[in-house]
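Colleague: I am new to this one. Could you take me through the terms used for it and say what each rests on?

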Amino acid sequence: MKIIVCDKTESEAIEKMRSAGLDVDVRDTITPEELPDVLPGYDGMVVRSRTKVRQALLEKCPNLKLIVRGGVGLDTIDVEFARSKGIAVMNTPLASTDSVAELTIGLMFALARSIVQATTSMKAEKWDKKSFEGDEIGGKTLGVIGLGNIGKGVAARAKALGMTVVAYDPYAKNTGDTKVVSNLDELIKVADYITLHMPKTSETAGMIGAAQFDMMKNGVRIVNCGRGGIVDEVALSAALTSGKVAGAALDVFAEEPPTDWSLVKLPNVICSPHIGASTKEGQGRVGMEVADIVINFSKNQ
Ligand code: NAD
C-alpha cells in the first residue's frame, strides 16, 4: 500500500510502517492547494489536525481506501462522505487521554492559585502577596461535562485530590462510581469548577452560554480543554468581566488561532494554544497507534 503522511508524525512510526513493507511518503508540509493533485496517487493517508479532508478533496481520490487521524476528534474529516465511498476512517481515541486529563487538572490548580498571574507579577519585579490569596481545590465540587475517556480521567484524578465530582453526559457508558445527573442545570448550579470534555457538535456548540452562566455559582471557574465554540466566548467574556466567573482556563478556541484576542487578554483568563495532547508520551502513543492501524489495515488488503 502507498501511504502519504500529511502532518507531523513521529519518525519511529514512519519507520515502523516502512519496516512492515509499506511505501510511505512523508509530505508533512503539503498544502491544501497541492493535495488534490498528489492524493489520488495513494491508497491511504495519515493526518493530524492540520490537514482537513473534505468532500471536494475525496471526490478526486477514487482509489483512497484509508484515512487515519492521529488524535481524538474527527471533525477535520468529512467522515460520513468518506465512509459512503468505502473509505475506512480511523483515529487513536485513547492515545491523548492522560495528557489532556493532566493538563485539565494543572489548569484547575493554576486557576485556584493564580499561578500564571503571580508569575507575571513577579516578572514585573512586584512582590504582591496580598493579591494572590487562592483557594484549595480539595473539598470543592467539579462538574465534568462529557464523561468519555478524558472526562473519566479528569474525574478519577479530581476524586483523588479530594474533590466531589458530578458529571453530565446523556450518552455516557460505564460511568463507574461517578455521580451522573440527567439535567445539565443540576450540574451547573452546584459546581465550583466546570470542565468540558465533549466534541463540538450541533448539539454542544454554544451549550454554555449566557443562560448557563447566570445559573452558575458566583466565582465559578471554567476549564475548556474540549473544543472551542462549546462555550459561547462572548457570554464567557461578559461573565468573566462581571466577576460571575472568577477565572477561565482555555486550551481551545472558537477560532484557532483567534483573530479577536480580547477574551485571551482578560486578566482572569489563562490559556494555551491547543496543546492538550502535546506531550512526548501522548505524541509517541499517537504515532505508534497510527502505525499499528495502518499496518493492520494493509494486512487485510
Ligand atoms: P470521548 O468520545 O471518549 O468522550 C466524549 C464524550 O462526550 C462522550 O462520552 C459523549 O457521550 C459526550 N457527549 C457527547 N455529546 C454530549 C452532550 N451533548 N453533552 C454532554 N456530553 C456529551 O472523547 P474523549 O477522548 O474523552 O475526548 C473528549 C473531547 O476532548 C474530544 O471530543 C475532543 O474535542 C477534545 N480533545 C481535546 C484535545 C486538546 O488538545 N485540547 C485533545 C484530545 C481531545
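Colleague: In which loop is Ser114 found?

Modeller: This is a predicted model. Ser114 is found in the loop between α5 and α6 (115-123).

Colleague: What makes the phi of Ser114 worth a remark?

Modeller: Phi of Ser114 is near 50 degrees, which is a positive value in a residue other than glycine. Asn174 is another such case, with phi near 45 degrees. Asn174 sits in the loop between β7 (164-168) and β8 (179-181).

Colleague: Which residues are the closest to the centre of the second largest pocket?

Modeller: The second largest pocket holds about 240 Å³ of space. Of its 16 lining residues, the closest to the centre are Leu111, Ser114, Gln117, Arg221 and Ala246.

Colleague: Which element gives the most to the lining of that second largest pocket?

Modeller: α5 gives the most, with three residues. Both α5 (97-113) and β11 (245-250) supply at least two residues each. By class, the lining of the second largest pocket has seven nonpolar, six polar and three charged residues.

Colleague: Which residues make the contact of α5 with α7?

Modeller: On the α5 side they are Thr97, Asp98, Val100, Ala101, Glu102, Thr104 and Ile105. On the α7 side they are Asn149, Ile150, Gly153, Val154, Arg157 and Ala158. The contact of α5 with α7 has six nonpolar, four polar and three charged residues.

Colleague: What is the angle between α1 and α12, and what is that arrangement called?

Modeller: Helix α1 (residues 11-19) and helix α12 (residues 280-299) pack at an angle of about 20 degrees, with axes 8 Å apart. The cut-off for roughly parallel is under 35 degrees, so α1 is roughly parallel to α12. The crossing of α1 past α12 is right-handed.

Colleague: How do you know that α1 and α12 meet, and through which residues?

Modeller: Contact means heavy atoms within 4.5 Å. From α1, the residues that meet α12 are Glu12, Ala13, Lys16 and Met17. Their partners in α12 are Gly287, Met288, Ala291, Asp292, Val294 and Ile295. By class, the contact of α1 with α12 has six nonpolar, one polar and three charged residues.

Colleague: How many cavities of 30 Å³ or more does the structure hold?

Modeller: The structure holds one. The largest cavity has about 30 Å³ of space. What makes a space a cavity is that a 1.4 Å probe fits but cannot get out.

Colleague: Which residues line the largest cavity?

Modeller: The lining is Asn224, Gly228, Gly229, Val231, Glu233, Leu250, Val252 and Leu263. They divide into four nonpolar, three polar and one charged.

Colleague: Which peptide bond is cis?

Modeller: The bond from Glu256 to Pro257 is cis, with omega near -10 degrees. Pro257 lies in the loop between β11 and α11 (262-265).

Technical notes: Residues are numbered from 1 along each chain as its sequence is written. This is a predicted model: local features need pLDDT of at least 70, side-chain atom pairs count only at pLDDT 80 or more; totals for chains, interfaces and linings use all residues. Side-chain values use heavy atoms; hydrogens and water are left out. On a 1 Å grid over the protein atoms alone, a cavity is a set of points where a 1.4 Å probe fits but cannot get out, and a pocket is an open set with protein on both sides within 12 Å along at least five of seven lines; lining residues have an atom within 4 Å of a point. Grid points are joined across faces, edges and corners, and a volume is the space filled by probe spheres set on the points. Ala, Val, Leu, Ile, Met, Phe, Trp, Tyr, Cys and Pro count as nonpolar, Asp, Glu, Lys and Arg as charged, and the others, Gly among them, as polar. Axes are lines fitted to C-alpha atoms, for helices over the stretch in contact, and angles run from 0 to 180 degrees between N-to-C directions. Helices (H or I, at least four residues) and strands (E, at least two) are DSSP runs, numbered from the N terminus. Angles under 35 degrees count as roughly parallel, over 145 as roughly antiparallel, 65 to 115 as roughly perpendicular and the rest as oblique. A crossing is left-handed if the near helix is turned anticlockwise from the far one by less than a right angle, and right-handed if clockwise.
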